[in-house]
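This report goes through one protein model, starting from a single residue and its surroundings. Please keep the sequence and the structure in view while reading.

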Amino acid sequence: MIKNRLEVDGLRPYIPGKSIDEVKALYKLDKIVKLASNENPLGCSKTVKERIIAYLEEPSLYPDGNCTNLRNAIAKKYNVETNQLIFGAGSDEIISMITKTYVAPGDEVITCAITFPQYKAGTVQMGGTIIEVPLKNHTFDLEGILEKITAKTKLIFIANPNNPTGTMITKEAQEAFLKEVPSDVLVVMDEAYVEYIRRDDYPDTLKNMEQYKNLMMLRTFSKMYGLASFRVGYGIGPADIIEKINRLRNPFNVTTAAQVAALAALEDTAFVEDTFALNEEAKAFTYKKCEELNLEYIPSFGNFVMINFGVDSQEMFTALQSKGYIVRPGNALGMPMFQRVSLGTIEQMDGFFEVVKEILKK
Ligand SMILES: *Cc1c(COP(=O)(O)O)cnc(C)c1O
């Protein structure tokens, strides 16, 4: 037997849900509504599709490993230096580049539970210890995190809003927190859903980066911009930290198609407006339906809502799936009575709740 690294024993492969085609075949359905992975129900911008088709004329060249055009566009958008940016095949990849850069066996990484699983996966991969502080009112408990900081702490991952609960930490809470974090601990703010939030009390992480040299943030094109299949996300941070992380990056980690798509997506602000408006509407519609059906839900700042259906989540998940609705069962996320339901179009949500009603009647 070939002996693997010790750390590998602590890992489990990511188990995806059934594919749309598999669900279709299994239940003999011709239409599936996927509300499982917080994707954009409007698809992506038409501009993206046009640029991708044009790009297909020349697919034989390696990508620009520097993502130059995209880099310049993002630097301009946020008024940061180009050397403050790092690009990845989704922000997933950046999370693992960060842990590869900073986590050695024995080091500690703090986050909350329940949250995005990649923080833990990236830490365990490197032989680090993940310290999971329980959420408080379904929200990141920043005071609880501060209490867990030790001399071994290297990183703190904060999802804001949190996935799967959709809760937000405020500007005030973030600033009080940053004051207390030692300067040799890197704070990573994962803002995958930031485009769905337009509130004055949302943290201004970019501005706080001027003061705190141990702060960075992650953003993605997978959610609001509807480019999940292309795999492209980015990090913004202090140039010295970005330079270190960049040493761990594979040379051609972001495909040309992804770069072309992301750049086009940034230009189409109308698509972002449409998505934002739909998400607000679908959220209000969902809350109303939950209230009508007497279902508990966690008010969300993202494009998804955690709903308590009062039955075992795997059973409910299977019943929904057999009717063509795929959601994310809460048991896989550590909340066994809930489902995480991504917000779709109004028509999709309406159809979803009709099926929910039918199932719950039985
Ligand atoms: C979806 C998500 C991401 C990243 O997605 P990528 O597709 O890898 O960019 C990162 N963090 C959170 C909290 C998410 O929900």
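Leaving aside neighbours within four places in sequence, Leu70 is in contact with Phe87, Phe221, Val232, Gln259, Ala262, Leu263 and Leu266. The model in which these contacts are found is a predicted one.

Leu70 belongs to the largest nonpolar core, which has 76 residues. Together with Ile98 and Phe221, Leu70 touches the most other members of that core. Helix 11, residues 256–267, gives the largest share of this core, with eight residues. There is also a second, separate core of 28 residues, and among its members are Ala36, Ala282, Ile307 and Phe353.

**Two helices in contact**

Helix 12 (residues 269–292) packs against helix 14 (residues 346–361) at an angle of about 20°, and their axes are 9 Å apart. Because angles under 35 degrees count as roughly parallel, helix 12 is roughly parallel to helix 14. The crossing of the two helices is right-handed.

Which residues make the contact? From helix 12 they are Leu278, Glu281, Ala282, Phe285, Thr286, Lys289 and Cys290, and from helix 14 they are Ile346, Met349, Asp350 and Phe353. By type, the residues of this contact divide into seven nonpolar, one polar and three charged. Ala282 and Phe353, named in this contact, are also among the members of the second core.

**Backbone details in the loops**

| Cis peptide bond | Omega |
|---|---|
| Ala113 to Ile114 | about 20° |
| Asn160 to Pro161 | near 0° |

Ile114 lies in the loop between strand 3 (108–113) and helix 6 (118–125). Pro161 is in the loop between strand 5 (153–159) and helix 8 (171–180).

Positive phi angles are the next topic. Lys28 is not a glycine, yet has a positive phi of about 50°. Its place is the loop between helix 2 (20–27) and strand 1 (33–34). Is Lys28 buried or exposed? Lys28 has a relative accessible area of 73%, and since exposed means over 50%, Lys28 is exposed.

Arg231 is not a glycine either, and has a positive phi of about 65°. Arg231 sits in the loop between strand 7 (215–220) and strand 8 (233–236). With a relative accessibility of 31%, Arg231 counts as partly exposed.

Definitions and conventions: Residues numbered from 1 in each chain as written. Predicted model: local features only at pLDDT ≥ 70, side-chain atom pairs only at ≥ 80, totals over all residues. Heavy atoms only, no water. Axes fitted to C-alpha atoms, helices over the stretch in contact; angles between N-to-C directions. Helix = DSSP H or I, 4+ residues; strand = E, 2+ residues; numbered from the N terminus. Parallel < 35°, antiparallel > 145°, perpendicular 65-115°, else oblique. Left-handed = near helix turned anticlockwise from the far one by under 90°. Contact = heavy atoms within 4.5 Å. Nonpolar A, V, L, I, M, F, W, Y, C, P; charged D, E, K, R; others polar. Core = buried A, V, L, I, M, F, W, Y, C linked by side-chain atoms within 4.5 Å. Buried < 20%, exposed > 50% of the residue type's maximum accessible area, 1.4 Å probe, protein only.
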